[in-house]
Amino acid sequence: MKTVLGFDFGLKRIGVAVGNTALRQAQPLTLIRDATNEGKFAAIGDLLAQWQPALCVVGLPLHPDGVEHEMTLRCRRFANQLHGRYGVPTALVDERYSSAVLPQRQGNPIDAEAAAIILQQYFDEHTQS
């Protein structure tokens with residue numbers, strides 16, 4: 001059984017979810033809201049030290065027609081930074097509709113829940129290894 005962390009990357013917040021390769025079920029974990037990149041990566045480093053994931057899954061936003069945009073590039077860069085800083089393998093998952101299936105709650109961020117949907121999509125798309 002290996003732990004997997006999922007990330008819904010945003011410029012202001014990063015939603016984080018956790019799951020494992022045995023149960024293959026994702027659940028929201030936390031929300032990172034630090035104002036600085038150093039603070040965000042310090043919080044991520046703490047999570048990685050605590051959970052010791054075998055893989056990090058990052059949501060990849062695309063336009064509805066599949067075309068990339070500015071946030072697509074930022075998410076790719078974030079995934080590369082996770083791998084480069086911490087040596088953890090990363091995978092990208094199409095997140096076009098992850099937030100759309102969640103009910104919008106005014107003033108209550110849904111990023112961790114979106115991360116869980118992204119991670120669950122990864123589990124559903126990949127056979128057990």
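The model is predicted. The chain holds three helices and five strands. Along the sequence, their order is β-β-β-α-β-α-β-α. Of its 129 residues, 42% count as buried. Among contacts with a separation of 6 or more, 60% join residues 24 or more positions apart.

**Helix pair H1 and H2**

- Two packed helices are described by the angle between their axes and the distance between the axes.
- Helix H1 spans residues 37–51, and helix H2 spans residues 70–86.
- The two pack at an angle of about 60°, and their axes are 12 Å apart.
- H1 is therefore oblique to H2.
- The crossing of H1 past H2 is right-handed.
- H1 brings Phe 41, Ile 44, Gly 45 and Leu 48 to the contact.
- H2 meets them with Phe 78, Gln 81, Leu 82, Arg 85 and Tyr 86.
- By class, the residues of this H1 contact with H2 are six nonpolar, two polar and one charged.

**Nonpolar cores**

- In soluble globular proteins, nonpolar side chains tend to be buried together.
- The largest nonpolar core here has 19 residues.
- Within this core, Phe 7, Ile 14, Ile 44, Cys 56, Val 58, Phe 78 and Leu 82 touch the most other members.
- A second, separate core has twelve residues, including Val 4, Ala 17, Ala 115 and Phe 123.
- Ile 44, Phe 78 and Leu 82 take part in the H1 contact with H2, and these three are also among the residues of the largest core that touch the most other members.
- Which residues does Val 58 contact, leaving aside its neighbours within four places in sequence? They are Phe 7, Cys 75, Phe 78, Ala 79, Leu 82, Ala 91, Leu 92, Val 93 and Ile 118.

- Lys 40 sits in helix H1.
- Is Lys 40 buried or exposed? Lys 40 counts as buried, because its relative accessibility is 6%, and the cut-off for buried is under 20%.
- Beyond four places in sequence, Lys 40 contacts Gly 10, Leu 11, Lys 12, Ile 14, Ile 32 and Asp 34.
- Lys 40 and Arg 13 are 27 residues apart along the chain, with 8.8 Å between their C-alpha atoms.
- Val 18 belongs to strand S2.
- Val 18 has 5% relative accessibility, so Val 18 counts as buried.
- Not counting residues up to four places away in sequence, Val 18 touches Thr 3, Val 4, Leu 5, Gln 25, Ala 26, Gln 27, Leu 29, Trp 51 and Leu 119.
- Val 18 and Phe 7 are eleven residues apart along the chain, and their C-alpha atoms are separated by 9.1 Å.

- Most residues other than glycine have a negative phi.
- Arg 24 is not a glycine, yet has a positive phi of about 55°.
- Where does Arg 24 lie? Arg 24 is in the loop between S2 and strand S3 (27–32).
- Arg 24 is buried because its relative accessible area is 18%, and the cut-off is under 20%.
- Gln 52, a residue other than glycine, has a positive phi near 45°.
- The loop between H1 and S4 holds Gln 52.
- Gln 52 has a relative accessible area of 63%, so Gln 52 is exposed, the cut-off being over 50%.
- In short, Arg 24 is buried, whereas Gln 52 is exposed.

How values were computed
Residues numbered from 1 in each chain as written. Predicted model: local features only at pLDDT ≥ 70, side-chain atom pairs only at ≥ 80, totals over all residues. Heavy atoms only, no water. Axes fitted to C-alpha atoms, helices over the stretch in contact; angles between N-to-C directions. Helix = DSSP H or I, 4+ residues; strand = E, 2+ residues; numbered from the N terminus. Parallel < 35°, antiparallel > 145°, perpendicular 65-115°, else oblique. Left-handed = near helix turned anticlockwise from the far one by under 90°. Contact = heavy atoms within 4.5 Å. Nonpolar A, V, L, I, M, F, W, Y, C, P; charged D, E, K, R; others polar. Core = buried A, V, L, I, M, F, W, Y, C linked by side-chain atoms within 4.5 Å. Buried < 20%, exposed > 50% of the residue type's maximum accessible area, 1.4 Å probe, protein only.
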